[in-house]
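My notes follow in the order I took them.

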Amino acid sequence: MDIQNLLDDIVGSIRPRLGQGEVASYIPQLGAVDAGQFGISVATGDGEVYAAGDAAVPFSIQSISKVFALALVLAGDGDGIWKRVFREPSGNPFNSLVQLELEDGIPRNPFINAGALVVTDRLLSITGDACGAVLNLLRQESGNSGIGIDAVVAESEARNSNRNAALAHFLASCGNLENPVQDVLDNYILQCSLEMSCTDLAVASRFLASNGVRVDGTALLSSPQTKRINAVMLTCGTYDAAGEFAYRVGLPGKSGVGGGIIAVVPNNCTVSVWSPGLGKSGNSVAGVAALDEFTTRTGLSIF
Ligand SMILES: NC(=O)CC[C@H](N)C(=O)O
């Protein structure tokens, strides 16, 4: 099947869904994004890139950054992080507080906010600049040195961070942070505020479809580590809708409240979609539908 024709087709068939769902509105900058936008990009392991719709428009990657932070922590010090974070689906919203207390300050997985705060804390200990490390990885892997932080989003996130601050303080009270709460929060907020396009994201994620091998041919992750990140993306990457995502798309995926999703076809390609309208679990409605159509029509799923 011709991938470019397929992506152009998906842009057409997804049109009636644009505007469905709710654009994230916990900060005004996300709430103001035009809900009628949709982009899709595919980056293959052998270096081809296909794009359609608004694939070149930069957007706030939000929780998609959690995948790259985890990759860097696994690359930096192996399996130690799993003593501090579980790897089970939470079945709860991404910013839930209740489970964390019931489970003594060990977050359910690295892709809900509590778990991501622990991962960012570890990355801060390893690198001294967690957000900078994520940014460097994204720039190097995408080849786009223009990727950066949306300062207005970051400032607004910081002013509306009471819930994440509560999670971080609770983690600290359980002895599950190594750095001061404010330093961890600052880095977490900055990594959520990174801005890039579908095409940049698909290309930057390619190591997840290439057994951990980076664009320069060196290994960021071993093949088993890459398998494990993809497995956790499948079971936890779309929060309390991970079962529905697996059912419809059949691929490891990670979403963000900016409306982006990355999905991985192991040993083949990455697919990145973006459309700002979110379903109730915080995943892009049109994005999930587009990935469903992509895997259903190509047969490119892990099942
Ligand atoms: N799911 C998300 O994308 C959440 C990211 C958001 N900045 C938060 O921390 O609440």
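Before the sheets, I noted the rule for pairing: two strands pair if DSSP finds at least two bridges between them. I also noted that this is a predicted model.

**Entry 1: the five-stranded sheet**

I looked up which strands make the sheet and in what order. I found 5 strands in an open sheet, ordered β3-β2-β9-β8-β7, with antiparallel pairing. I marked β3 (49-53) and β7 (253-255) as the edge strands, since each of them pairs on one side only. From one strand to the next, the twist averages 10 degrees.

Strand β2 (residues 39-44) and strand β9 (residues 269-274) run antiparallel and are joined by 6 bridges.

**Entry 2: the three-stranded sheet**

I found another open sheet, of 3 strands in the order β4-β6-β5, and its pairing is antiparallel. Its edge strands are β4 (59-60) and β5 (148-149), each pairing on one side only. I checked β4 against strand β6 (residues 194-196) and found 2 bridges in the antiparallel sense. Phenylalanine 59 has methionine 196 of β6 as its bridge partner.

**Entry 3: α3 and α6**

I looked up how helix α3 (residues 65-77) meets helix α6 (residues 130-142). Their axes come within 10 Å and cross at roughly 100 degrees. Angles of 65 to 115 degrees count as roughly perpendicular, so I wrote α3 and α6 down as roughly perpendicular to each other. On the α3 side I listed Ser65, Phe68, Ala69 and Leu72, and on the α6 side Ala130, Ala133, Val134, Leu137 and Leu138.

**Entry 4: two partners of α9**

I took helix α5 (residues 113-127) with α9 next. These two pack at an angle of about 105 degrees, with their axes 9 Å apart. I therefore noted α5 and α9 as roughly perpendicular to each other. Ala116, Leu117, Thr120, Asp121 and Leu124 in α5 meet Asp183, Val184, Asn187, Tyr188 and Gln191 in α9. I sorted the contact of α5 with α9 into 5 nonpolar, 3 polar and 2 charged residues.

Then I turned to helix α7 (residues 151-159), which packs with helix α9 (residues 181-192) at about 135 degrees, the axes being 9 Å apart. I therefore put α7 and α9 down as oblique to each other. Their crossing is right-handed. From α7, Ala154, Glu157 and Ala158 make the contact, and from α9, Ile189, Leu190 and Cys192. I have 5 nonpolar residues, no polar and 1 charged in the contact of α7 with α9.

**Entry 5: the ligand**

Last, I asked which residues are around the ligand. I listed Gln62, Ser63, Phe94, Asn95, Asn113, Glu157, Asn164, Cys192, Gly256, Val257 and Gly282. The shell divides into 3 nonpolar, 7 polar and 1 charged. I had already written down Glu157 and Cys192 for the contact of α7 with α9, and both are also in the list around the ligand.

Notes: Residues are numbered from 1 along each chain as its sequence is written. This is a predicted model: local features need pLDDT of at least 70, side-chain atom pairs count only at pLDDT 80 or more; totals for chains, interfaces and linings use all residues. Axes are lines fitted to C-alpha atoms, for helices over the stretch in contact, and angles run from 0 to 180 degrees between N-to-C directions. Helices (H or I, at least four residues) and strands (E, at least two) are DSSP runs, numbered from the N terminus. Angles under 35 degrees count as roughly parallel, over 145 as roughly antiparallel, 65 to 115 as roughly perpendicular and the rest as oblique. A crossing is left-handed if the near helix is turned anticlockwise from the far one by less than a right angle, and right-handed if clockwise. Two residues are in contact if their C-beta atoms, placed from the backbone, lie within 7 Å. Ala, Val, Leu, Ile, Met, Phe, Trp, Tyr, Cys and Pro count as nonpolar, Asp, Glu, Lys and Arg as charged, and the others, Gly among them, as polar. A residue is near a molecule or strand if its C-beta atom, placed from the backbone, lies within 6 Å of it.
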